[in-house]
Amino acid sequence: MPLPELDPTRPPPGPTRPPPGPFRPGFWRSPLRGPSLTAVLGLVLLIGTPIVVITGLISNVAYQPLLGANSIGTNLSPLDFYVFTWPTRPVWLYAVTEGLHVSIGLALFPVLLVKLWSVFPRLFEWPPVRSPAHALERLSIALLVGSAMFEFITGIFVMQFYYPFPFFFTSAHYYGAWVFIGAFGAHATLKFGTMRRGLRTRGEVMEAAGVAPSGVSLSGASLTAASPAPATMSRRVLLGTVGAGSLLLLLQGAGGSIGGPFRFLSLFGPHGTAGSGPVDFPITETAAAAGITPEIVGAAWRLDVVGAKSMQLSREQLLAMPQHTYDLPIACTEGWSTMQRWTGVRLRDLATLVDVHEAAMVTTTSVQAGGYLVTLGTEQVADEQSLLALGVNGVDLSLDHGFPARVISPAVPGTHCHKWVSKLEFSPVSA
Amino acid sequence: MISRFRSLYGASPLHLLVLLACFVIAGAGAAGWYLDSSDWHGVVEWFVAAMVVCDLVLFPLSSLVDRIVFLRARRAGAENGLAAAVPRRRALVFRVSAIPYVRVPALLSGLLLITFAPVILRRASLGFQQHTGNTNNVYVGRWLAITAVLFGLSALAYAFSVWRARAAGPQ
């Protein structure tokens, strides 16, 4: 590391003379940095990021935030627009989009980290501001770095049931995504040419030949170290390491998402199982965590069904109704999913029972104290595969899986498949 | 006109247009944070922390660790170039630098640690076990096991490279 120069005859730091330390080009010595490294990582991010962003926005649509009890916030932002309603087919739709969101997101995390490292010297470029254009672009970069890390950190934490922040994750992650989309779009547009030049040319070769890379009027000095330290590791090994890291993280998401024999690959995924035999599949919340005891859902349990009239049904009465069996996935927002065989009463049969014959939404309530409400849309209620499930894989639901009754509906997020249901309220929608 | 704009602004009008679009979209997102009922002060604090965490914590720290671990090797390397980044008397045998074979598994292990720190260091919510029916303390063992496997594979790869270099004979 070069020592600060203390020669008193030198002029003080100014626009043309950077202060000592990281502001001097000689401070940055890694021979790995260079335009081609940054360009390769930038290309990977350019391809991968839209997948994560689009599947993230799709997840928000799948939550149907404009319906009844689902609102993620106050819905005051101009960004709360929805161009389509959430379909019920294919049944694995949400399992795939959310699996991609989490798995590709994880895979891009090491790429982002090394990309940021590759442009680290730019943080200390001197002079800090050369023109209004330069100042605005640096501001957009601050938004880009902040929002990217904000999205990755909050997403990765929540995937592990870690909520150390004081704000509501869902809305903060959603609006943060829009900050990111704005900043990412601008960066990708403004730097596309730089990336192409970096990919096309061998930066090292050019600079070794004394040729300055072209088109760097705004970005200042080259990313290549002015006086590189001796190489201790090749650029190819670094890129290989990034690839291996991406693969390791991808498996953590994909293992839980594909499930079945691949679930073991998700070594750090929260894939606890709740029970053995037919009920040996993952859950997000145990009955104990939700404060559900066998007494609460015992013989005294009744289901309130509200529509044009109200009814109270016991589990025996529900079992006496026509039963239907479908293979449907539970697809959690954390990225894991699991396909199981559910048996129960169709939601639309229950609507008919309380004299709701037209298109209707349903708002579900659980016996859980302080639990949340969920509203499913008309498509979900009308679908023949939307069930109030009483059993799974040929046996009664276990307490952890929502005994005495749970909602299961094709292609909806797992959190919208209420367990321990106590009330279904159908509200007709005038067409 | 355009050239006058360029000299004042420092780039083409298109550059300004793209950045204005960026700030409008990002501003709408930030408005969502503000208008949302949850804690927007907290969001701003976390946003700023996220913005600087790599530059102020992750990169300096990893660079420091790397410098300390490879201090000797670096000195030797500075004197004799990459091939001799090992004690000189054994240079004939070990023509292969060991540095990448330490750095790569360390980087991968570190990546897993920072990504899954909440479960590995058991910082995930207190209700984790009840929530998932999974015990929280299996993860540190898994991380150590993966780390051991990574270093083991790397050691095998290093041994193979050394064997190959020896087979090739002194150059």
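Here are some questions and answers about the two-chain structure shown above.

Reader: Before we start, what kind of model is this, and what pLDDT do local features need?
Author: Chains are lettered from A and ligands numbered from 1 in the order in which they are written, residues are numbered from 1 along each chain as its sequence is written, and side-chain values use heavy atoms, with hydrogens and water left out. It's a predicted model, where totals for chains, interfaces and linings use all residues, side-chain atom pairs count only at pLDDT 80 or more, and local features need pLDDT of at least 70.

Reader: How many helices and strands are there in chain A?
Author: Helices (H or I, at least four residues) and strands (E, at least two) are DSSP runs, numbered from the N terminus. On that count, chain A has 10 helices and 10 strands.

Reader: What percentage of the residues of chain A count as buried?
Author: Buried means under 20% relative accessible area, exposed over 50%, and partly exposed in between, using a 1.4 Å probe and protein chains only. For chain B, with 171 residues, the buried part is 36%. For chain A, with 431 residues, the figure is 53%.

Reader: Which residues does Leu112(B) touch?
Author: Contact means heavy atoms within 4.5 Å, and residues up to four places away in sequence aren't counted here. In chain B, Leu112(B) touches Ala117(B), Ile120(B), Trp143(B) and Ile146(B). In chain A, its partners are Leu248(A), Leu249(A) and Phe268(A).

Reader: How far does helix H5 of chain B reach from its first C-alpha to its last?
Author: H5(B) covers residues 99–115, which is 17 residues. The expected span of a helix is 1.5 Å times one less than its number of residues, and for H5(B) that comes to 24 Å. The helix in the model is close to that, reaching 24 Å.

Reader: Is Ser109(B) buried or exposed?
Author: Ser109(B) sits in H5 of chain B. Leaving aside neighbours within four places in sequence, it contacts Trp143(B), Thr147(B) and Leu150(B). Its relative accessible area is 5%, so Ser109(B) is buried.

Reader: At what angle do helix H2 of chain A and helix H3 of chain B pack?
Author: Axes are lines fitted to C-alpha atoms, for helices over the stretch in contact, and angles run from 0 to 180 degrees between N-to-C directions. H2(A) (residues 93–118) and H3(B) (residues 40–69) have axes 11 Å apart, and they pack at about 95 degrees.

Reader: Which residues make that contact between H2(A) and H3(B)?
Author: Ala, Val, Leu, Ile, Met, Phe, Trp, Tyr, Cys and Pro count as nonpolar, Asp, Glu, Lys and Arg as charged, and the others, Gly among them, as polar. The contact has 6 nonpolar, no polar and no charged residues. They are Leu113(A), Leu116(A) and Trp117(A) from H2(A), with Cys54(B), Leu58(B) and Phe59(B) from H3(B).

Reader: Where is Pro127(A)?
Author: The peptide bond from Trp126(A) to Pro127(A) is cis, with omega near -5 degrees. As for its place, Pro127(A) lies in the loop between H2 and H3 of chain A.

Reader: Is Phe161(A) buried or exposed?
Author: Phe161(A) has a positive phi of about 60 degrees although it isn't a glycine. It lies in the loop between H3 and H4 of chain A. With 5% relative accessibility, Phe161(A) counts as buried.
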